[in-house]
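Here's a quick briefing to read with the structure open. Have a look at the model first, then work through the points below.

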Amino acid sequence: MINYLRLLLLPFSLLYGLVTMIRNKLYDWKFYPSMKFDVPVICVGNLVVGGSGKTPVTEYLVGLLDNYKIAILSRGYGRSTKGFILADEKANAELIGDEPMQYYKKFKQVSVAVCEDRVKGIRLLEQEHDLIILDDAFQHRKVTAGYNILLFDYRKILSPQFLLPAGNLREFFMGYKRAQQILITKVSGKLDEKIKHKIRHRFSPSHSPCFSRIKYGTLQPVYDQGPVTEKIIDQDTRVLLLTGIANPQPLHSYVKEMTPHIVHFDYPDHYSFTAEDIRKVILAFEKEKTVKKLILTTEKDAQRLSDIRIKELLLNLPVFYLPIKIDILAEDKATFDQNIIDYVSNHTRNRRLHK
């Protein structure tokens, strides 16, 4: 059924691809203006819709470049607001989006802002910052980023991929040539050299990719004042997994390595959980008769569980999230890091460092 639907949608994909190709050419030929800025601008993006690991890569860059005064600028997907907002103590996921809220909570030394107009957002931030990181703006051609990092999911890069709406591609694959760095994410297990070779051959020699994997942290409570419980998952633990992300499969597989007892409540990316959704999770939690049970979510989803209506329902239950980091493979890490450090140091206006 899915294959037939894809065939029916292919003509629309070709039309969509033609439109995006013409649009990109008009930017390439300078027919449409694209702004460049004196401040270094790094864009973390992808060619597909969601799920490639932009959030942990953005966080990796913050750690790598922590000597600079950084601003993260995002569109703020899923927020109920419009326009430019600089995150402050009043911010929440509804106002600025779940990913920006995660950045704001985690990096107190970093400015976090949202604006659907990236040119306007950069202009409002550039004078007070040494570096701006754009979260998911590769197709936002009104800005010419100084350094583009383009992400591809390891498990999908060699599979046939189709343009929207038949598939998930936002533009033709050749669009990768606008990037300065290709990063393959979510490598699982040992990296097979034959697969690595095939992946490298998908790109031109000047765009040879680096490879990375996801590294999970330890369980963290969503609510600090929640009940104290053992922070481990073993074969006897019942896990109620609650996700609203584009690709929950890596997390599900990781948890399944620890316990086979998983009930997964899977919602679309940036989904706004309702009280009724949470009640379904609580009902399933109460039906589990064992003592060893917990509710598990992602760090991004945890931002949307801070709504007071949701918090009141979950506060007395063991609710945890699993933080993740990007782990650049050892053979690529030095090159990946140095390329980014060189770009920023060579383009920072006054070489100003912040200790």
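Arg-202 lies over the face of Phe-173, with 4.1 Å to the ring centre. This is a predicted model, so treat the geometry here as computed from a prediction. Phe-173 also belongs to a ring cluster, and that's a handy way into the aromatic side of things.

**Charges over rings**
- Besides Arg-202 over Phe-173, there's Lys-108, whose charged end sits over the ring of Tyr-104 at 4.8 Å from the centre.

**Aromatic pairs**
- The count of aromatic pairs comes to 13.
- One of them is Phe-152 with Phe-173, a tilted pair at 5.5 Å centre to centre and with 50° between the planes.
- Phe-152 is in strand E6 (residues 147–153), while Phe-173 is in the loop between E6 and strand E7 (181–185), so this pair ties together parts 21 residues apart in sequence.
- Ring pairs bring Phe-152, Phe-173, Tyr-176 and Phe-203 together into a cluster.
- Tyr-271 and Phe-273 make an edge-to-face pair, 5.7 Å centre to centre with 70° between the planes.
- In that pair, Tyr-271 is partly exposed at 24% relative accessible area, whereas Phe-273 is buried at 8%.

**The sheet**
- Nine strands form an open sheet with mixed pairing, in the order E3-E4-E2-E5-E1-E6-E7-E8-E14.
- At the edges you'll find strand E3 (85–86) and strand E14 (324–328), each pairing on one side only.
- Helix H4 (residues 98–106) packs on the sheet and touches E2, E4 and strand E5 (131–135); its direction makes about 165° with that of E4.

**A closer look at strand E2**
- Which strands does E2 run parallel to? E2 (residues 70–74) is joined to E4 (residues 111–114) by four bridges, running parallel, and to E5 by five bridges, again parallel.
- Ala-71 stands opposite Ser-111 in E4, and its bridge partner in E5 is Ile-132.
- Leu-73 has Ala-113 as its bridge partner in E4.
- E2 is mostly covered, with five of its five residues buried.
- Both faces are covered: Ile-70, Ile-72 and Ser-74 are buried on one side, and Ala-71 and Leu-73 on the other.

Conventions
Residues are numbered from 1 along each chain as its sequence is written. This is a predicted model: local features need pLDDT of at least 70, side-chain atom pairs count only at pLDDT 80 or more; totals for chains, interfaces and linings use all residues. Side-chain values use heavy atoms; hydrogens and water are left out. Two strands pair if DSSP finds at least two bridges between them. Helices (H or I, at least four residues) and strands (E, at least two) are DSSP runs, numbered from the N terminus. Contact means heavy atoms within 4.5 Å. Axes are lines fitted to C-alpha atoms, for helices over the stretch in contact, and angles run from 0 to 180 degrees between N-to-C directions. Buried means under 20% relative accessible area, exposed over 50%, partly exposed in between (1.4 Å probe, protein chains only). Rings of Phe, Tyr and Trp (its six-membered ring) pair if their centres lie within 6.5 Å; planes under 30 degrees apart count as stacked, over 60 as edge-to-face and the rest as tilted. A charge sits over a ring if NZ of Lys or CZ of Arg is within 6 Å of the ring centre and within 35 degrees of the ring normal.
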